[in-house]
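Visitor: Please walk me through this model, feature by feature.

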Amino acid sequence: MVLQPVVKRLAKAMDAENYNILQNNGRLAHQEVDHIPKPNHTEGLGIEWPAQKTDMDKLKALFNEVKAKM
């Protein structure tokens with residue numbers, strides 16, 4: 001899996017001791033090839049978090065900081 005080494009470097013750059021990797025599988029997760037069938041659109045795994053306004057200057061600064069550490 002290519003994702004795991006990248007996430008480990010990202011976690012180290014952000015001093016994160018613990019982290020989760022969310023991998024979306026299936027058409028409802030916008031995957032082109034289905035691997036885990038879901039019975040319908042209302043059943044299955046649903047993961048949500050509230051959206052919030054983003055300060056783009058702070059986000060860019062965080063991006064540059066993490067990028068420099070990687």
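Guide: Glutamine 4 lies in helix 1, residues 3–13. Helices (H or I, at least four residues) and strands (E, at least two) are DSSP runs, numbered from the N terminus. The model is predicted, so local features need pLDDT of at least 70 and side-chain atom pairs pLDDT 80 or more, while totals for chains, interfaces and linings use all residues. Residues are numbered from 1 along each chain as its sequence is written, and side-chain values use heavy atoms, without hydrogens and water.

Visitor: How many helices and strands does the protein chain have?

Guide: The protein chain has two helices and zero strands.

Visitor: Is glutamine 4 buried, partly exposed or exposed?

Guide: Buried means under 20% relative accessible area, exposed over 50%, and partly exposed in between, with a 1.4 Å probe and protein chains only. Glutamine 4 has 37%, so it is partly exposed. Its C-alpha is 8.2 Å from that of isoleucine 21, 17 residues away in sequence.

Visitor: What share of the protein chain is buried?

Guide: Of its 70 residues, 9% are buried.

Visitor: Which residues make the nonpolar surface patch?

Guide: Nonpolar side chains (Val, Leu, Ile, Met, Phe, Trp, Tyr) are joined within 5 Å. Here Val2, Val6, Leu10, Met14, Met56, Leu59, Leu62 and Met70 make a patch of about 710 Å². Helix 1 and helix 2 (56–69) each give two or more residues; helix 2 gives the largest share, three.

Visitor: Where is methionine 56?

Guide: Methionine 56 is in helix 2. Its relative accessibility is 45%, so methionine 56 counts as partly exposed.

How values were computed: Patches are made of residues with over 30% relative accessible area and no salt bridge: like charges are joined within 9 Å, nonpolar side chains (Val, Leu, Ile, Met, Phe, Trp, Tyr) within 5 Å. Accessible areas come from the Shrake-Rupley method with a 1.4 Å probe; for residues, only the protein chains shown count as cover. A salt bridge is a side-chain nitrogen of Lys or Arg within 4 Å of a carboxyl oxygen of Asp or Glu.
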